[in-house]
Structures are given as structure tokens and as C-alpha cells.
Amino acid sequence: MLDFTVDFDSVSPDLWISKEETCKEKLLKLSNWSQIPLLNTNASHKFSDGKLVRFRGMVQDMHNPEFYFEKFEVFNTTTNEVKIKSGKYCDTAHILENEKINYTENLKSAQRQAMVVVSLPGLSDWAQQIEEDQNYLKHLDQQPNSSKRLSSNANTKLKRSYDETENDSEVMDIADADHLNKEQRTAEVMDNGKNVVSREHLLNFPLPDVPSKSCIVKVYDESENLKINDMIEVVGFLSVDPILSGEFQPEKNSFLEPEGDTDVEIITHNPPPSLVPRLHAVYVKKLDHCNPLVANFDQAAVLKEANSAREHLLKALTELLLGDQLAAEYLICHLIACVYLRQDTLALGQFCLNLSNLPTKKYPNYAKQLYDIIKQFVTKSYYLPLTIENLNTMALLPKKDYECNRLTSGILQLSKHTHLILDETKMEQGRLDSTGVSNLTALGNMITTQKVEYDFKYYKMEFDSDIPVLLLSEGKSLLPSDYHVPLRPEESSLEIFDAIVEAATYYLKEEIMNTIRKYLTNLKLVKYTISEDLQFVEDDFIEMRSQSDAENPVTADDLHRLLVLARLVSLSRGYDTLNKECWDITRKMECERLNRIKNRVAPTF
């Protein structure tokens, strides 16, 4: 029986197929998957073709299903021996030069789902560093490039080996001519004005100027039920044969063959494996989170430790928000919020927070400095200054490119729990064009419904999202929000903000930071229950309605807003259900917030 704890390094696709159930059982029993190399932290060229590896990321696009030979017969012309082989978990047929495939007998075809998976957009530097520390394999630095180690098994592929052709001038000449022909084909595509072989085009990352990795994953199990934007971790066999590149596809004779995929589509769907490796999945695990500090979730332990972590976070945020504890309380609620239920058009649990009245006259980069601290707490985030230029030029919504037959990603194609910080303090005078208006509308729709509209040219389709949005502005935001909190800085804090940032950085030692990081992730995973004994809520709501007037009526929406906030107030303090104490704190917070809005004045700092 295969022992993965010792032998997983030498597992081949053929061995896996022969003992599939046993191998999968051993894989699932592994206490730590770090024994299997992770492509996110180790370059694919360091591994040989057919190596069992992992990749962690977000499903960015789904390709059409691929057909392959699950079983085929091979005839050896020298020995007359007949073998049955499988094309599962590989892209090329591993056959000897004196072997031929029998296309008439014992041929069984099947299909597999191909999808593009990109490393998680917006993953924080600290999370990447921990991931690297846990998974980087230093000994691989001494190994040669995998392009010289393809097919480390005994089998030879259809192409002749390097050793056989090294001293064969005729073969070399043909190879050189073939290489030149491929260069010409690439150049022709480039000359047609379609920069389809640029790195940016092939990688197709959602976030601009953010380094990332991409992988084409091929899934064999139809029960996986994967969707666009799902966070997944894949274990599978690596496929990095250079022949898979679209540049090396045989050129078609347009007079003899019917028109099929265009050159643009072929190269886009078949990027060089050195840039975008293929991974044949033996197991796919959906991820609830991507925090490397949270390996096991224990709700009782999480709730017990919550209050201590909250005190650290509250202290740091209060200082960074210039002494405003109410704003800090709301920001904590925002950082632990997530969509916990969808009902009709409502996304229950969303918590878009607008912090206004920022001191931009005294500190023009205050919003960015605040984000630089927040991103050290959360696992994934992205900072977007809402300048006129950005709104008019950036692609926020994913769009279907029919010429390349792929989904071109946009900034709003993010996995769940990615914190989006929108900085309106950078907005200057100017005119929004049609793209700018569309982008602003898309942001508003996402905030309101937690859905992102993907553009398929002939129709539009909404995809569910769970993206907490923090709006930072001088006055009330142009965009809708669930909770608007005007900042009330202390005069003493305004004078020494740079020193506050320095002190906060000193206070937030690695141990405290990790406590906060685990706190923010774990509270999203806690199962919150609603107690049947909520008479105090009902009594308070009746009282609130009786005291309201025609100008400021208390509606069911106000009750909903209070209950959403009360849930987060309870969780932040380590309770998985609502009690009278947390309800009173919630009411007090909302009362103070509404008074601020009613009595707010124009900022003078």
C-alpha cells in the first residue's frame, strides 16, 4: 500500500490510476498538505512533468470541456505486444517511438473540465510571507530546469529526445526551420494588431500591477460543482511539456480544413506551460478562508479569546482614527462582517461603512496611511483611489472576449472576504465619461446588492459577491453605504498623527498582529444563532416607533440595520447569540452615530 507520508514524492499518474481509492484516502488522511509542493511559492520549472503538486487560488474562468482518451490501446511494432494505457491526468501520450495507438479498438473517450485558476487577488504581503515560509523548498534551488527533466519516467514521448537529436544535423536543421516558422506565425498575429502573446494578456489577472500566478486546472470529478470566483486548493499532477503551447500547434490549411479556433484563441487558451502550467486535479478542496494562521477552527476557543483580541484592535484603531472610539467600534464591525444569508434580492450581513470627515487638509494621504495599517490586519484587500482618471479608464467589470473566447477579468472579480477600500479623498474636479459613469454605477450596485454584473456583450449576468467595502471620504460618499460615520478627531491627536502611526506600528508586535489576524478570520466562521427570547428587542422597537415622528419615522429597515449591527457587536465580544448587554451597546452606538450625522459640520482640518 502506498504511504504518502514517505512516498508521495514519487507518485506517478499511472500509479495513482491503478490505486486511485487508496491514494485518495491516504491524501485525505495527511495531517499536513505542506508535504506536497505548492506552486504558489515554488516555480513550476523546478518540478518535472507528472509531479504531484498543489496550487491555491481563485477560479477566474471556465473553458469548454476537453475530450481525452481515458483508455487506449498501444501496439508495439517491434515486439507485437499490445498494451492498454490511459490518458487520464496527462496532456500527451507517453509512448515509445516503435509504438502506435490503435484508434479502432479498445478506445474509450471521456471529458474533463478545464478552468483558469489565479493566485488569490489582493492576498496580503504578510499572508504571502507566511505561506512562503511554510512551503518554500530550498533544496529545489540546486536542481536543473524542468525543461531538461521532462518525462523523468522511462517512457519517451512522441517527439525524439534531446540525446538522439544532439548530433543529428538533419534533424537539427528541421527543428530550426520549424522554430523559425513558429516565430513567423507569432509575428503575424502581432502584426495584425492583436497582442495576444503578451504576458499580461495571457495571465489575465483581475488586479492591475499586482504580481500573481496562474494555472490551468483540469478537473475530472463532475461532482466538484465549482463556480467562478470560488477559492480552491488543488492537488494534482503537473503538466509542463513545452509542446502544449499554442505557438507550437500545427498550422492548418484553410483550403483543406474547415475553419475552427482562430490563432488568437488557440494561443490564449494554450499559453506556454512555463508561464501558465497545467494541473490535472486528483482532489479539489473549496476554501472557506485563506488565512495561513488559521489551520483548525474551534468555535468555543475562538469566542473565549475574542474579547482580548478585540481590545488590542480597538486600542490601535482608536489611535489611528485620531481618538474616535465610536468610529473604531464601527470599523471593527466592518472588518468582521460577511454575507451570511441571501434572501431574494437581499444579501444579509453586508456592512458597507463610510468614514467621512477625514483630515485631508492637514494630512492629504490620511486615507492611504489608514489603509496601510488595515491591510496588515486582513488577509486580502485592495486600495482603489477614485480619481476621475481611474474611473474613466479602469476595467472594473469582467467582460467576455468572444475573439479569444475567454472572460477578461476586471477589478471587481474578487474572491469572498476581499476588503475593497475606495478612497474618494483623491477625487478631483473633472468630467466622467460613459465608462466612468458605468464604473461608478457598478460600484454602487455591488455595494447595494453584493452582486457583480459580468458583461457577455449580448447579455449581462449577475454573480454573487461578498466584498466588504470601506468608503473613505471628506463629505458623505457619492456611493451608497449601510453605515455612515463622520469622524470626530481629537485636537491633540490631529497634531501628532505621524507619531501615532509610528507608535501604533511599535505597539502592534508580530504576536499581537497574529492574534488580530486570526480574530478577524475566525469570527467570519462562527455560527451565530438567534435566541427565541428577544422580548427586549421587540419592546425597544415598539418604544422607538412610539417616540418617532413623521419627519424621522422608525421603519423595519431601521430594525434590520440594528439587528445586523447587534450581530457583529455580539460576535466581536465573543458571543454567538444576542443578549441584552450587546443590544444596549448597539442601540447606544446607533444613537450616537445618528446624532453625529444630524449635527455634522463641514470639516476644517
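Visitor: Is arginine 112 buried or exposed?

Guide: This is a predicted model, where local features need pLDDT of at least 70, side-chain atom pairs count only at pLDDT 80 or more, and totals for chains, interfaces and linings use all residues. Residues are numbered from 1 along each chain as its sequence is written; side-chain values use heavy atoms, without hydrogens or water. Buried means under 20% relative accessible area, exposed over 50%, and partly exposed in between (1.4 Å probe, protein chains only). Arginine 112 has a relative accessible area of 6%, so the residue is buried.

Visitor: With which residue does arginine 112 form a salt bridge?

Guide: Side chains of opposite charge can pair when their charged atoms come close. A salt bridge here is a side-chain nitrogen of Lys or Arg within 4 Å of a carboxyl oxygen of Asp or Glu. For arginine 112, the closest N and O atoms are 3.0 Å apart, and the partner is glutamate 66.

Visitor: How many residues apart are arginine 112 and glutamate 66?

Guide: Helices (H or I, at least four residues) and strands (E, at least two) are DSSP runs, numbered from the N terminus. Arginine 112 sits in strand β5 (residues 108-118) and glutamate 66 in strand β2 (residues 66-76). Glutamate 66 is partly exposed, because its relative accessibility is 24%. The pair links distant parts of the chain, 46 residues apart.

Visitor: How many salt bridges does the count come to?

Guide: The pair of arginine 112 and glutamate 66 is one of them. Another joins aspartate 91 to lysine 218, with the closest N and O atoms 2.7 Å apart. The count comes to 28.

Visitor: Where is lysine 218, the partner of aspartate 91?

Guide: Aspartate 91 lies in the loop between β3 (82-85) and β4 (99-102). At 22% relative accessibility, aspartate 91 is partly exposed, while lysine 218 is buried at 6%. The two are 127 residues apart, with lysine 218 in strand β6 (residues 214-219).

Visitor: Which helix holds arginine 310, the partner of glutamate 329?

Guide: Glutamate 329 and arginine 310 form a salt bridge, with the closest N and O atoms 2.7 Å apart. Both residues are buried. Glutamate 329 belongs to helix α10, and 19 residues separate it from arginine 310, which belongs to helix α9.

Visitor: How far does helix α16 reach from its first C-alpha to its last?

Guide: The expected span of a helix is 1.5 Å times one less than its number of residues. Helix α16 (residues 510-525) has 16 residues, with 22 Å expected. Its reach is close to that, at 23 Å.

Visitor: Which elements do the buried residues of α16 pack against?

Guide: 12 of the 16 residues of α16 are buried, so the helix is largely enclosed by the rest of the structure. Among them are Ile512, Arg517, Tyr519 and Lys524. Contact means heavy atoms within 4.5 Å. The packing partners are α4 (125-135), α9 (299-320), α10 (325-336), β15 (419-423), α15 (497-507) and α18 (556-572).

Visitor: Which residues is threonine 41 in contact with, leaving aside its neighbours within four places in sequence?

Guide: Threonine 41 lies in the loop between α3 (20-29) and β1 (52-62). At 8% relative accessibility, threonine 41 is buried. Its side chain makes a polar contact of 3.2 Å with that of asparagine 42. Beyond those neighbours, the contacts are Glu131, Glu132, Asn135, Tyr136 and Lys213.

Visitor: Of the accessible surface of the protein, what percentage belongs to carbon and sulfur atoms?

Guide: Accessible areas come from the Shrake-Rupley method with a 1.4 Å probe; for residues, only the protein chains shown count as cover. The surface comes to about 30,500 Å², and the carbon and sulfur part is 49%.

Key
A polar contact is a pair of N or O atoms within 3.5 Å; within protein, one must be able to donate a hydrogen and the other to accept it, and residues adjacent in sequence count only if both atoms are side-chain atoms.
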